[in-house]
Amino acid sequence: MTSALEMQHIRKYFPSSRVLACDDVNLEVQKGEVHAIVGENGAGKTTLMSILYGLVIPDQGQILINSVPARIAHPHDAIRLGIGMVHQHFKLVPSFTIAENIMLGIEPNRAGFIDGGAEAENVRRLAESFGLPVNPDLRIRDVSVGMQQRVEILKILQRNAQILILDEPTAVLTPQEVRELLAVVRNLAKAGRTILFITHKLAEVKAVADNVTIMRRGQNVGTHATHGISIRDTANMMVGRVVTLQVEKTPAKPGEVILNAEHLLVAGSGGIPAVFGTSLEVRTGEILGIAGVSGNGQTELVEAIVGLRPVDQGTITFLGKDITHTTVRERREMGVAHIPEDRMVMGLNLKTNLDENVVVTSYHQQPYSKRGFLRLQPIRQLAKQIVDKFSVRSARVGEEIKTLSGGNLQKIVLGRELKGNPKLIIANQPTRGLDVGSIEFVHKTLIEERDKGAGVLLVSVELDEILALSDRIAVMFAGRVLAILDATEATEEKLGLLMAGSALETAESSGEKAHI
Amino acid sequence: MTLLRRAVDGLSIPLLAILLGLAASSFFVILAGAQPIETYQRLFCEGFGPRGCETFGDLLITQVENEDGTTQTVFSPTYGAGGSRIALLLEQATPLILTALSAAVAFQAGMFSIGMDGQFLMGAITVAFLGYWIPDQIYLLAGVTDPEAAPQALLTLMHLFVPLLCLGAAMLAGAIYSWIPGYIKIKLNVNELISTIIFNAIAVQLMGYLVNFPLRSDLNNIARTRRIDDTAWLVPFNRGIFADIEWFSGARLGVGFLIALAAAVLIWFYLKRTTTGYEQRMTRGSLLFARFGGVPTTRAVLRAMLISGALSGLAGALVVLGVERRVVDGFAISGTGFEGVLVAILSKESIIGILLVAPFFAGLNLGATNLQFGNLPRQLGGIIISFIILFSAMEDFLRLRVASLWSKRLLLQRTPTVDREDGAAA
């Protein structure tokens, strides 16, 4: 076997953020291999891949493609050399059809006019040859996330990519879609393509990759055959210390009901109802998990509970008071904390500094302001407290936060939301995009809050997370809560079926079958 | 970073932008049959230099001839023979500072309002009317038939309160005129860029109508309003307290400039140090973030629009009360509001930046207008200014280029200090 790709002594320093993202990194990948690259946020995986794809120019080092030195200064060069990349955030035109997206820029034409028929036909043939069936005439905005990803992969295959870079491809997929994707990746490797698979999720590495490269702090700390290394060892190498993968928690001691949502009807962004008559209760000292495939009304439900989205019908009662139509601020002052789904846009304001971020929920209160004037000293102290207590590395009082890693940003959000001992914590996808170490920290923190007597409403599309943390589990499908199970009686299969919309009885019977 | 280092950092890029702008406009200068260097010297001398300024060097140090025939070396900006041009450019910078602050406040609430021109005109026309109407009413009430013969005590009181009333009314007019686009943006989701452009057009027409018909004072060829009463007039320094200082003699620089400076300090304080300023800045940074944190975003935006409008209205009022003393048909084409928008953008909405850029802008305008005295087309000045603005707007690009040049040199010299990310809890 020849090596399809070699990266030698790659070094990249970002002067603006003073980060040495890649420090003498070597990487060798054989043809037809699935090579996973794992590492925490900020470990340098994405930078390394951006260098390979020509998005970032390294300070030092060289790249060999099929043992020939290659100069990659622009994605054009990469594409010419047969390198394709599927980004974490898809780059597709929503109003175009699948065929139009795949053929974008290389449309077959007849006398200068795009030949739509040939376009669709090309795509159909391409899709079949790789066992990735798509309907070329559907528009991107009408197809699922998993299908969009498939289109991205076809797009780079159409451009004859021999080396495919997949940047955290499973982050946005449902468990079923993940399984399909992994099968596709194996097939592509079998067909002789080389795949670089960047991920946080070590179980996927085990399932799909031949070899795994572990990165930490800009360095390659080891490349191993996947069958020769355990998930635990991989995690430890990534973080540089021993990690507990299992969430340790004692049985819940639930108290009285603090949040009661009854028959909620909430409109989604398009004005169409997203939550239909959903009811649920959260008690003190418990974690209620909401499982469900993304986009089934979870976000709208959360936004209605915290006051960001108007409730059309139904009531929300918190601590015995009707809060259905109160403002966000009133709810926060009563003790509601919110860890939002999108920490970049909603959880934090990346355009300003740490201090102004930590004070957004309390700037109007003493001691942070007095008679309408901000008091900088107490605000600075608050920022310092949060940084110290949650050990937010490389965050400094008064400085910008936009260069911090996802894990550190989430710690700032947690620090701000958990100060002042909230009575109810609404956490929506609290570990999305985080690395193992940060996930462990977020989980531990949520359980600590539960044990201190807070009620926690946890929304997550990660079934593992729901199963590991929740005391009770509600499954949402198409805007409704299909069932609320006790955590002890929930299994992955049962939840998976409910998430796909089956009624509880069916889920239970087939769950039992699965046990037999 | 030391203060010096920061100053060098802050100034080097704008300076580079100016040089590039001049280099690029050389093409047009040569096309017009002129010498680039000479033209630029003329432009800057006419805009920033003392009387008799010939070269770039004269902008800083000038040799001047005394009456007795001896020569003397002077520091140019303080040299005031025949009236300092610095005073003149500060006079012209005064409304520009205010309209730029106005734009900055709106921008920093996430509103891309460019309604400064309209608000400016509303402020101007309001005081052009009230400036004689309020005194008239007072004279009527006090039974004074001839203002010249009015009791001194009454006049003193009026000198104090009439301008204040006028300024207040102008700020209110500007504020309301700015609040409407804000309100329809929030209630009806009408894009503020479009609504403020339309409001500017409405204000121009309204102004034209008022000056030509109801408020027209005489049969002068060009329609104009009645001159404001002396008690409403903000007497410029050269007619008032500094009448003896030659430096001020050529400019109607007055208390308005001090008001503009005070406004700059207040606005800085409002934005950075008050909860309300914080609210509008967070709303701008990320609307979702602000709402998520419980910030009353609607109120913050409307408040910003009111303040923004008041500042532009104030600018218009100061031009009428302190400089023009009346509104003449065609006043509307001054473009002070739009230039304020440019100043705000070029200074990245920084208050200190506005205080530096607005006078620079005023000086360039002055220089461009006076180019014609050197037998150069006035339009050439406009082209040069446009190129300077264009290159200044490329600041980020220039900064990146310069930074990457530097970092390459630094990399060769020393190993950088490295902050490593470590996502895990200790």
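Biologist: Leaving aside its neighbours within four places in sequence, with which residues is A:I258 in contact?

Modeller: This is a predicted model, in which local features need pLDDT of at least 70 and side-chain atom pairs count only at pLDDT 80 or more, while totals for chains, interfaces and linings use all residues. Residues are numbered from 1 along each chain as its sequence is written, and chains are lettered from A and ligands numbered from 1 in the order in which they are written. Two residues are in contact if their C-beta atoms, placed from the backbone, lie within 7 Å. With sequence neighbours within four places set aside, A:I258 contacts A:V282, A:R283, A:T284, A:F318, A:L319, A:K423, A:L424 and A:G455.

Biologist: Is A:I258 buried or exposed?

Modeller: A residue is buried if 20 or more other C-beta atoms, placed from the backbone, lie within 10 Å of its own, exposed if 12 or fewer, and partly exposed in between. A:I258 has 23 other C-beta atoms within 10 Å, so A:I258 is buried. In chain A, buried residues make up 49% of the 516 residues.

Biologist: In which strand does A:I258 lie?

Modeller: Helices (H or I, at least four residues) and strands (E, at least two) are DSSP runs, numbered from the N terminus. A:I258 belongs to strand β13 of chain A.

Biologist: What is the strand order of the open sheet that contains β13(A)?

Modeller: Strands of a sheet pair through backbone hydrogen bonds, either parallel or antiparallel. Two strands count as paired if DSSP finds at least two bridges between them. Here four strands form an open sheet in the order β14-β13-β16-β17 (chain A), with antiparallel pairing. Strands β14 (273-283) and β17 (321-322) of chain A stand at the edges with a single partner strand each, so one side of each is left without a neighbour in the sheet.

Biologist: Which helix lies across β13(A), and at what angle?

Modeller: Axes are lines fitted to C-alpha atoms, for helices over the stretch in contact, and angles run from 0 to 180 degrees between N-to-C directions. Helix α9 (residues 298-306) of chain A lies across β13, β14 and β16 (311-318) of chain A, at about 120 degrees to β13(A).

Biologist: How many helices and strands are there in chain A?

Modeller: Chain A has 18 helices and 24 strands. Its radius of gyration (taken over C-alpha atoms) is 24 Å, close to the 24 Å that the globule rule gives for 516 residues, so chain A is as compact as a globular protein of that length. The globule rule is 2.2 Å times the number of residues to the power 0.38. The C-alpha trace of chain A spans about 70 × 55 × 55 Å along its principal axes.
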